[in-house]
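Hi there,

Here is the structure I promised to pass on to you. Have a look at it first, and then read my notes below.

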Amino acid sequence: MITLSKFTLITYDLDHMLPDPFSHLSATACRTIDMQKGDVLFRQSQITSGLYRVVSGCVTLQRTGLGGDTLTLHRAVSGGLFAEASVFSATYHCDAICSKAGSVTKIAKADVVATMQSNPAFSECFTRLLAVQLQKYRAHIELLAIPSAKERILAAVKASYLDATVTELASRINLSHEACYRALRGLCDDGRMVRVGRGKYTLP
């Protein structure tokens with residue numbers, strides 16, 4: 001749990017709360033895809049065919065707003081699941097782009113649906129996983145609701161969001177990169193953060 005002056009942000013440890021439901025699937029339900037930086041796994045409005053788990057590297061889920069700005073919805077790193085809602089949707093709701101080379105496991109939508117209907121144990125495990133994912137997304141929404149740019153960035157850093165570039169952090173927490181840099185400078189001036197290199201910051 002992260003507590004700031006007026007805000008409390010609850011964080012969830014997804015990796016240590018649940019068993020792996022996909023162990024119930026047949027080997028043919030999953031396949032590994034190697035990725036290079038910039039590769040697109042799927043685009044918004046494309047027909048869904050499966051969900052994904054990151055083996056290594058990083059995948060960024062993003063959507064372009066009406067003003068042309070790119071909003072980062074989620075960053076999936078090693079062990080992270082994404083596009084899980086595709087099981088219940090006809091089309092993907094965002095773009096999935098490789099932001100760091102690695103590989104992902106694609107889990108076929110048809111196999112997930114069929115196994116949910118025939119295997120109660122899988123259905124329960126998968127439902128639990130979706131519930132925890134929902135809690136994680138709600139925690140992200142709580143962070144975005146923090147009105148102060150400084151306090152939002154500080155909460156994001158404490159939640160390990162600053163693991164890439166400042167520009168990506170800004171997109172992830174819905175700030176312009178100019179506002180993000182200004183707030184970071186202010187936090188450093190206040191002694192609440194320390195600049196350790198170009199685009200690199202840490203807590204004191």
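Lys106 in β8 is the bridge partner of Arg31. This is a predicted model, in which local features need pLDDT of at least 70 and side-chain atom pairs count only at pLDDT 80 or more, while totals for chains, interfaces and linings use all residues. Residues are numbered from 1 along each chain as its sequence is written, and side-chain values use heavy atoms, with hydrogens and water left out.

Strands here are DSSP runs of E with at least two residues, and helices are runs of H or I with at least four, numbered from the N terminus. Two strands pair if DSSP finds at least two bridges between them.

Arg31 belongs to the pairing of β3 (residues 30-35) with β8, which is antiparallel over 6 bridges. β4 (residues 40-42) also pairs with β8 in the antiparallel sense, over 2 bridges, and there Phe42 has Ala96 as its partner. β5 (residues 50-64) runs antiparallel to β8 and is joined to it by 11 bridges; Thr60 stands opposite Ile97 in β8.

Why is β8 largely enclosed by the rest of the structure? Because 10 of its 14 residues (95-108) are buried, meaning under 20% relative accessible area with a 1.4 Å probe, protein chains only.

β5 turns up again elsewhere: β5, β6 (70-77) and α2 (120-144) each supply at least two residues to the lining of the second largest pocket. The most come from α2, with 7 residues.

Enjoy exploring!

How values were computed
Buried means under 20% relative accessible area, exposed over 50%, partly exposed in between (1.4 Å probe, protein chains only).
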